[in-house]
Number of protein chains: 2
Amino acid sequence: MLYAVFMSSTLPPFPASQGPAAKTPVMVEFGAGDADGPCLRADAARNRARLLDAAARLVAEHGAAAVTMEAVAAAAQVGKGTVFRRFGDRTGLLTALLDHSEKKFQASFLSGPPPLGPGAPAVERLRAFGCAALRRADADLELQLAAEPCPDRRFVVPARRVRHGHVVLLLRQAVPGADAELLAQTLMGYLEPALIHHLTRQCHMPMERLQAGWRDLVARLTRT
Amino acid sequence: MLYAVFMSSTLPPFPASQGPAAKTPVMVEFGAGDADGPCLRADAARNRARLLDAAARLVAEHGAAAVTMEAVAAAAQVGKGTVFRRFGDRTGLLTALLDHSEKKFQASFLSGPPPLGPGAPAVERLRAFGCAALRRADADLELQLAAEPCPDRRFVVPARRVRHGHVVLLLRQAVPGADAELLAQTLMGYLEPALIHHLTRQCHMPMERLQAGWRDLVARLTRT
DNA sequence: CAACGATACGGACCAAGGTCCGTTTAATTT
DNA sequence: AAATTAAACGGACCTTGGTCCGTATCGTTG
């Protein structure tokens with residue numbers, strides 16, 4: 001798969017910008033090791049696990065807003081600096097928390113059974129993709145909202161690039177003549193957590209309406 | 001005009017959550033006074049002007065990132081608390097900075113000459129609206145990015161509601177059978193400052209492509 | 001197993017947004 | 001003009017994200 005490199009959103013955050021630019025940061029090696037970050041040192045791995053565990057507990061017990069970097073550090077019995085070294089920033093930590101389910105989702109549309117995975121016609125996959133994405137977003141909306149990065153990073157987030165790439169691919173098949181890039185961005189916009197939150201929680205729209213909206217959207221956009 | 005109440009995005013921010021809920025906050029009175037905030041006390045008005053002036057100067061000279069609440073307060077020779085009382089928060093201040101041009105834009109599509117204003121067929125107005133919005137966004141992207149509120153307020157911002165309402169109206173005319181609400185959200189998503197920033201500044205797409213994309217989008221969505 | 005270099009650790013420190021509340025001042029009433 | 005009151009003022013203070021760097025630890029090499 002061409003964009004498999006993007007799958008893990010918890011690579012190394014970026015080797016901590018410590019000291020001036022004279023530290024030869026060893027450049028992140030993609031694809032090393034297995035699922036999680038490429039072979040951390042023993043203590044680092046242990047702390048990472050403790051931190052994620054503590055963060056998850058905080059979310060479960062007091063909501064995403066309670067996930068303060070200091071609170072997490074304290075709950076994991078670890079120094080604050082450690083949290084930042086491991087996850088870069090708050091967004092990174094929250095994203096790591098979402099990583100597992102996001103990867104499952106990715107797997108399902110990259111290589112799962114049709115109509116989501118390969119095997120079904122592009123338009124049908126597109127339909128299924130949106131509905132699945134909506135369901136997934138609805139599941140842990142609060143966390144996804146809290147994990148949203150600042151505006152100028154939002155489109156560079158690995159998870160988003162994977163989804164985007166997928167939609168572009170499907171669109172190119174489904175509607176060859178069009179500007180797939182832009183069409184894909186439009187479709188992705190419909191799946192934005194902030195929008196879903198607004199529509200479902202603030203406007204009280206039922207999920208079915210959003211899904212119908214997505215199907216209609218796909219229909220209109222792919223109509224030749 | 002039905003949604004004229006939303007036009008000024010610099011009403012009173014919200015009477016500062018001072019003290020417990022026993023202060024009878026007098027409820028914001030819409031539509032009082034003229035353009036700017038409804039008849040402030042003399043000193044308040046003076047300070048407001050000074051603050052906006054100082055903020056604008058800071059943006060011009062050192063970019064939006066330099067617009068620190070303390071920096072603005074200092075530059076305007078005013079206490080920090082004053083800045084917050086007047087504008088609520090950083091987003092409020094930045095939004096106030098954008099208010100003037102936003103109102104001009106609103107006027108142009110609410111009551112300006114066709115094809116933007118009333119008089120042209122809905123689809124045509126929709127096309128014109130997007131292209132104008134794209135141009136406007138491109139003008140002071142940095143500021144608009146910096147003014148973006150947290151995810152769960154993004155859709156409640158007055159300026160956004162005006163635009164949204166307008167698009168819904170046009171869509172209802174142009175494509176009667178559809179779910180105009182959702183279609184409008186989709187279209188609005190294409191005009192999101194963050195997206196425009198990504199496409200033009202990070203992907204180096206020319207503005208013309210974005211505009212063509214918009215026209216295509218409108219064409220597809222309004223096709224019966 | 002001792003020495004060593006790379007990596008991780010921790011918490012003091014900084015910056016900036018946001019709140020609080022005692023004091024001052026503009027407007028209104030008598 | 002004095003008294004009164006609602007509103008505005010200012011800056012100390014709190015919280016939280018993020019940085020820095022001296023110290024401790026891991027894992028490897030001789």
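Reader: Which phosphate-side contact does B:Ala42 make with DNA strand C?
Author: A backbone N or O atom of B:Ala42 sits 3.1 Å from a phosphate oxygen of DNA strand C. That is a polar contact (a pair of N or O atoms within 3.5 Å). This is a predicted model, where local features need pLDDT of at least 70, side-chain atom pairs count only at pLDDT 80 or more, and totals for chains, interfaces and linings use all residues. Residues are numbered from 1 along each chain as its sequence is written, chains are lettered from A and ligands numbered from 1 in the order written, and side-chain values use heavy atoms, without hydrogens and water.

Reader: Which elements give two or more residues to the surface near DNA strand C?
Author: H1 (42-62) and H3 (80-87) of chain A do, together with H1 (42-62) and H3 (80-87) of chain B. Near means a heavy atom within 4 Å. Helices are DSSP runs (H or I, at least four residues), numbered from the N terminus.

Reader: Which one gives the largest share?
Author: H3(A), with five residues.

Reader: What does A:Arg41 touch, base or phosphate?
Author: Base. A side-chain N or O atom of A:Arg41 is 2.4 Å from a base oxygen of DNA strand C. The side chain of A:Arg86 has an N or O atom 3.3 Å from a phosphate oxygen.

Reader: New topic. How many residues does H10 of chain B have?
Author: It has 16, residues 207-222. H10(B) reaches 23 Å from first C-alpha to last, close to the 22 Å expected at 1.5 Å a residue. The expected span is 1.5 Å times one less than the number of residues.

Technical notes: Polar contact = N/O pair within 3.5 Å; in protein donor to acceptor, adjacent residues only side chain to side chain.
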